[in-house]
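Biologist: I've got a model open and would like to learn how to read it. Can you walk me through a few features?

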Amino acid sequence: MSGTVPEPAEPVAPSPVEPVEPVAPLDRTGAYLGPTGAAAVAAAGRATPARWRLLLRRPMFWIGAGILAFWVVCAIFGYLIAPYNPLAQNLLSANTGPSAAHWFGTDPLGRDVLSRVITGARYILIITPLATILATILGTALGLAMGYLGGAFDAVAGRLVEAFLALPFVVVAFMLVVAFGASVEGITLIIAVVFTPLIARTVRAAVLVERHMDYVPAARLLGEKSSRVMFVEILPNVLPAILVEFTVRLGYAVFAVATLSFLGFGIQPPTPDWGADISANYIGLPAGYWWQVLFPALAIASLVTAVILIADSTEQVLAS
């Protein structure tokens, strides 16, 4: 049989294979994470406006924000809007009940209670945010290190935190007052030191959950340092827990400052202070001078309630 022999086919050059980028692990939101965790940060940023819109729709948030805004105005402009000088004494008007001249009555030295309540918001709204911010920064750093590093560091730091939290607040406050003094700076440091272990414990629990997510081993394989993994990769994902913890501790800080003042460890008389005024005037309750204690106590309760309403609204929105 005759036939033509087929010529061999010319070799075909292999087409260049485009490099396939490795698939990065998924984070908890379902977004792919790059080497720097930018996708996680961007995903959190995209979710933030929607969450803030939900927060602004909650009536309880606006009620709390309104009460808090009122006391902030009193703290800034208190000496301008107070009807009387909160330090001025008038023994002829001592222990006068609420009237048209003195809406909240007067104290044993004849000082206007309303003026002292308005101006008393100044120091408590200076100390509590500063102390809570400082405690949040320190507690977050400590909690990140405990949760991420683990091992011996977590064990030793955890035992120290537990031992510190086992001490009564009054005992710790007394020791710290002796060390730092009863000034505004000293009280700020005292509250910050007391709240740091509490915040660290909460942050540690959140970090323990995030540490087992896929993006953390991926960041380690890329050679990122531990500090970068903690503060760039993990921190953005635990910010909701930190924010809620901040708002909750802010309410506790108001009680803590008032307690220190009531015990004589806070702002010293005659400076207007809610806790100090309650401490100085509660002995008049059996004599019927209820207004000298009631109105400073209501001021403390209203401020704490405002912070709690904001904290609850924020927690519900972030958990949704």
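Modeller: Let's start with Asn 95, which counts as partly exposed because its relative accessibility is 24%; buried means under 20% relative accessible area, exposed over 50%, partly exposed in between (1.4 Å probe, protein chains only). This is a predicted model, where local features need pLDDT of at least 70, side-chain atom pairs count only at pLDDT 80 or more, and totals for chains, interfaces and linings use all residues. Residues are numbered from 1 along each chain as its sequence is written, and side-chain values use heavy atoms, with hydrogens and water left out.

Biologist: Where does Asn 95 lie?

Modeller: Asn 95 sits in the loop between helix 2 (59–81) and helix 3 (113–149); helices are DSSP runs (H or I, at least four residues), numbered from the N terminus. Asn 95 also has a positive phi of about 60 degrees, although it is not a glycine.

Biologist: Which peptide bond is cis?

Modeller: The one from Pro 269 to Pro 270, with omega near 5 degrees. Pro 270 belongs to the loop between helix 8 (226–262) and helix 9 (274–281).

Biologist: And what does Ile 234 touch?

Modeller: Contact means heavy atoms within 4.5 Å. Not counting residues up to four places away in sequence, Ile 234 touches Leu 144, Tyr 148, Val 207, Glu 210, Tyr 215, Val 216 and Val 229.

Methods:
Helices (H or I, at least four residues) and strands (E, at least two) are DSSP runs, numbered from the N terminus.
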